[in-house]
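Here are a few friendly notes to read with the model open beside you. Take the points one at a time and find each residue as you go.

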Amino acid sequence: LGLSWDLAERHRLAFGFRSPIDVNYEGDLRISNAVVVPGGRIHTDMDSRIEFPTTLSVGYGFRVSDRVRIEANLEWLEFSRFEELNLDVPAALPGLNTRIREDWEDTITVGVGGSWEFAEGWTLRLSYQYFESPVPEVTYSPSIPDANQQAVTVGLCWRAGHHRLEAAYGRVFYEDRSIGSNQTAAYLGRYEIEVHLVSLAYGFSF
């Protein structure tokens, strides 16, 4: 659900709401070198269910001129719904942990961005965002190696007639995490993460 309100000339305020959803997953579980079964190989069905968060957001936009626009956004995410990850597997797999504690925490995301049409048909876009990590130290896992993040992006758009071509690059700076207390001893240690994002898009308007 979204609501956009033109406060005054050049000013706009927007609100957004995404309801929480539960998603059921079905797939295959394959394990090699398993000591609990003869031959060491397991292939069976596996189901799971994940609770995705409620999301509330607010954004403000200001048109500085016909060629320059800026905006700011704030988002709250109810990640505390994700208390544990349950794996539905046959009972014939002794020793497999089918209830994995998660205990994620609610977070906020803040960001600012802007666009500048510096020449006819050409637009430059810049943005900065800060993402708060929902993953506590005690349930941290390399399967979701999350940490507080700062993301900087730059994009360039070219328009001509019905055609639009866009290219963008993003650099995500993760805080290093030192995990000294965790429900799985094997996950203790220091984690360093780097992310680079590159995108290219083409659009045609009729």
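The points below cover a sheet, a threonine and some aromatic rings.

1. This is a predicted model, where local features need pLDDT of at least 70 and side-chain atom pairs count only at pLDDT 80 or more, while totals for chains, interfaces and linings use all residues. Residues are numbered from 1 along each chain as its sequence is written, and side-chain values use heavy atoms, leaving out hydrogens and water.

2. Start with the open sheet, in which 4 antiparallel strands follow the order 3-4-7-8. Strands are DSSP runs (E, at least two residues) numbered from the N terminus, and two of them pair if DSSP finds at least two bridges between them. Strand 3 (21-31) and strand 8 (99-101) are at the edges with a single partner strand each, so one side of each has no neighbour in the sheet.

3. Strand 7 (residues 84-88) pairs with strand 8 over 3 bridges. Leucine 85 has isoleucine 100 in strand 8 as its bridge partner.

4. Now look at threonine 139, in the loop between strand 10 (122-131) and strand 11 (149-160). Is threonine 139 buried or exposed? With 3% relative accessibility, threonine 139 is buried (buried means under 20% relative accessible area, exposed over 50%, partly exposed in between, with a 1.4 Å probe and protein chains only). Its side chain comes to 2.6 Å from the backbone oxygen of glutamate 102.

5. Finally, arginine 171 lies over the face of phenylalanine 173, 4.3 Å from the ring centre (this requires CZ of Arg or NZ of Lys within 6 Å of the ring centre and within 35 degrees of the ring normal).

Technical notes:
Polar contact = N/O pair within 3.5 Å; in protein donor to acceptor, adjacent residues only side chain to side chain.
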